[in-house]
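Let's take a friendly walk through a protein model, starting with a single residue and then stepping back to the whole chain. Have a look at the picture first.

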Amino acid sequence: MKGMRGEDIKEGKITLMVIDCLNKLEQSDKDKFSRILKMGTSDEELINEAIGLMEKTESIEYAQVKAKEIIEKAWDDIKDYIPNNEAKGFLKALAYFFIKRDI
C-alpha cells in the first residue's frame, strides 16, 4: 500500500533525505543504510533501523525544511495569478500537507 511509513525505503528510492543521510553517516552506518535500501525489504525492523539512522542525522527535518522553502517560494511566485477562492486555499493546504506527512 502506498503512503505507508517507510515506503520509500521499501522501494529503495534515493530521495533528498536519503542523500543527506548518506552524506552525514559514519562509514559503518552508511554501509548498513545502503544495504537496507538496496534490499527493497518489507522487514519492519530493518525499515525502522533505516528511519532511525535518518533521525540520527536529522535528514528528515532537513528535507522538510528544503521542501517548505521550495513550496513557499513557488507559492509566492503564483499566488497572485490564482483567484481568491476555496480552490486556492485547498491548493495551498495540499502543498503543506505533503511537507508534514510521515516518511
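This is a predicted model: local features need pLDDT of at least 70, side-chain atom pairs count only at pLDDT 80 or more; totals for chains, interfaces and linings use all residues.

Why does Asp 20 count as buried?

## One residue up close

Asp 20 has a relative accessibility of 9%. Buried means under 20%, so Asp 20 counts as buried.

If we set aside the neighbours within four places in sequence, Asp 20 is in contact with Thr 57, Glu 58, Ser 59 and Tyr 62.

## The helices

Now let's step back. The protein chain has six helices and zero strands. Reading from the N terminus, the order of elements is α-α-α-α-α-α.

## Overall shape

How does the protein chain compare with a compact globule of 103 residues? Such a globule would have a radius of gyration near 13 Å, while the protein chain has 17 Å. Along the principal axes, the C-alpha atoms fill a box of roughly 50 × 30 × 15 Å.

## Inside and surface

Of the 103 residues in the protein chain, 26% count as buried, and Asp 20 is one that counts as buried. The chain exposes about 7100 Å², with carbon and sulfur atoms supplying 56% of that area.

Finally, the charges: the protein chain carries 18 positive and 21 negative ones, and their mean positions are 3 Å apart.

Definitions and conventions. Residues are numbered from 1 along each chain as its sequence is written. Side-chain values use heavy atoms; hydrogens and water are left out. Buried means under 20% relative accessible area, exposed over 50%, partly exposed in between (1.4 Å probe, protein chains only). Contact means heavy atoms within 4.5 Å. Helices (H or I, at least four residues) and strands (E, at least two) are DSSP runs, numbered from the N terminus. The radius of gyration is taken over C-alpha atoms; the globule rule is 2.2 Å times the number of residues to the power 0.38. Accessible areas come from the Shrake-Rupley method with a 1.4 Å probe; for residues, only the protein chains shown count as cover. Lys and Arg count as positive and Asp and Glu as negative; His and the chain ends are not counted. The place of a charge is taken as NZ of Lys, CZ of Arg, CG of Asp or CD of Glu.
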